Amino acid sequence: MGIEILFLLLPVAALSGWWLGRRGRIARYDDSGMELPSDYIKGLNYILNEQQDKAIDLFIQMLDVNSETVETHLALGSLFRRRGEVDRAIRIHQNLIARPTLNKSQRALALFELGQDYMRAGLLDRAESLFGELVDSAPHSEAALRHLVEIYQQEKDWGDAVKAAQRLEQTAGLNLAYMVAHFYCEQAEQALRQGEPSRALKLLRRAMSEDRQCVRASIMEGDIERSAGNYKAALKAYQRIEQQDPEYLPEVIQPMFECYKALQRKDEAIDYFKSLLDKYAGISCMLMLADLIEERDGEQAATEFITGFLKQRPSVRGMDRLIELNMGQASESVRDKLNVLKEVTDQILTNKSVYICQHCGFSGKSLHWQCPSCKHWNTIRPIHGVEGE
């Protein structure tokens, strides 16, 4: 560790010697050489004795803060932060800010660097305070707002996240409506946990006013209305998803069926799901239709329906359901063989991810509206193909 710090601080020490030489504080013994400052030798001894903190303090003292050395301090602090030594980065930037010789722009830059140090250290309240100072300070306003949006998301302070994101839109000329809509949805989730479905619906309407394509708001609205027994309103919300993003229809196939069933409109459900299947050929929709056909027309009709679909579009989920149906009609010897196939399809489906992030590749079995890995919104989608939707 000492050798790493030595190489890290040698440029600083060299610059210190050069600066002190400019000011006439280095004595010359002859025409060809210079004596190193005693503090420099002392600092090297600290490093060699594994006393890095004392070495850093000493080199900071040697490197006077003025218009020509501010950038050196900032670079050294940033280097420590990138190395993960955030405490040292904080000390350097705090030392810099405390100097009265900084001009306005230099102080703003130092505050911005210190704010990033605090974020890296997890001191979000301190980082928030510093970035709050900088939102009106060009050229840091856009970056400060970006960091504030990130902080409010980590703190789950969705109200302030909405304000910061909307201000960032105005400052940077960005379209963040999709993100703001999710912030309103997060507030709606909080309202539901507090037993306030009416307030949640109001927040979801605000989400839709920000982004008419917000699938999450439609799903949540449908779930709230269905829980309240308002099945027509729930169906309307769920069916809106077809125009917003049909990839997410599998999320609401089962809830839609429950609404149709409660309204005693199963035949209408069959017609609607057939229309969806003709347009999008989704496995979830096909399996729902198979269940409805089995209930109305029997196992043989459901088996023929699934078989016809699988000829056009192979699917592990479809094959798994077809095996189940055939097991009920098979002889004991055939059933044993089908059991083997069922174990294979079960194993494939058990280990298979259902969703994937289009941005970073994170995959999992649960739908996240914000990717747990890259933190992007609206990037996780159902996986398609033989083993997917």
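Is S141 buried or exposed? In this predicted model, S141 is buried, because its relative accessible area is 15% and the cut-off for burial is under 20%. The residue is found in helix α8, which covers residues 141–155. Its contacts, leaving aside neighbours within four places in sequence, are with L134, V135 and T171.

A second site gives another accessibility class. G159 is found in helix α9, residues 158–172. Its relative accessible area is 25%. G159 is therefore partly exposed, as values between 20% and 50% fall in that class. Along the chain, G159 and V180 are 21 residues apart. Their C-alpha atoms are separated by 9.8 Å.

The chain as a whole was then examined. It has 389 residues, of which 46% count as buried. Its secondary structure comes to 20 helices and three strands. Contacts between residues at least 6 apart in sequence were also considered. Of these, 51% join residues at least 24 apart.

Helix α15 spans residues 253–262 and helix α16 spans residues 266–280. They pack at an angle of about 155°, and their axes lie 8 Å apart. The angle makes α15 roughly antiparallel to α16, because angles over 145 degrees count as such. The crossing of the two helices is right-handed. On the α15 side, the contact is made by I253, M256, F257, Y260 and K261. On the α16 side, K266, E268, A269, Y272, F273 and L276 take part. By residue class, the contact of α15 with α16 comprises eight nonpolar and three charged residues, with no polar ones.

The largest nonpolar core holds 87 residues. Within it, F131, F183, L204, M256, F273 and L276 touch the most other members. Of these, M256 belongs to the α15 side of the helix contact, and F273 and L276 to the α16 side. L276 is in contact with E242, L249, I253, M256, A281 and C285. Two of these partners, I253 and M256, are α15 residues of the helix contact. A second core is separate and has five residues. Among them are C357, C371, C374 and I380.

How values were computed:
Residues are numbered from 1 along each chain as its sequence is written. This is a predicted model: local features need pLDDT of at least 70, side-chain atom pairs count only at pLDDT 80 or more; totals for chains, interfaces and linings use all residues. Side-chain values use heavy atoms; hydrogens and water are left out. Axes are lines fitted to C-alpha atoms, for helices over the stretch in contact, and angles run from 0 to 180 degrees between N-to-C directions. Helices (H or I, at least four residues) and strands (E, at least two) are DSSP runs, numbered from the N terminus. Angles under 35 degrees count as roughly parallel, over 145 as roughly antiparallel, 65 to 115 as roughly perpendicular and the rest as oblique. A crossing is left-handed if the near helix is turned anticlockwise from the far one by less than a right angle, and right-handed if clockwise. Contact means heavy atoms within 4.5 Å. Ala, Val, Leu, Ile, Met, Phe, Trp, Tyr, Cys and Pro count as nonpolar, Asp, Glu, Lys and Arg as charged, and the others, Gly among them, as polar. Buried means under 20% relative accessible area, exposed over 50%, partly exposed in between (1.4 Å probe, protein chains only). A nonpolar core is a set of buried Ala, Val, Leu, Ile, Met, Phe, Trp, Tyr and Cys residues joined through side-chain atoms within 4.5 Å.
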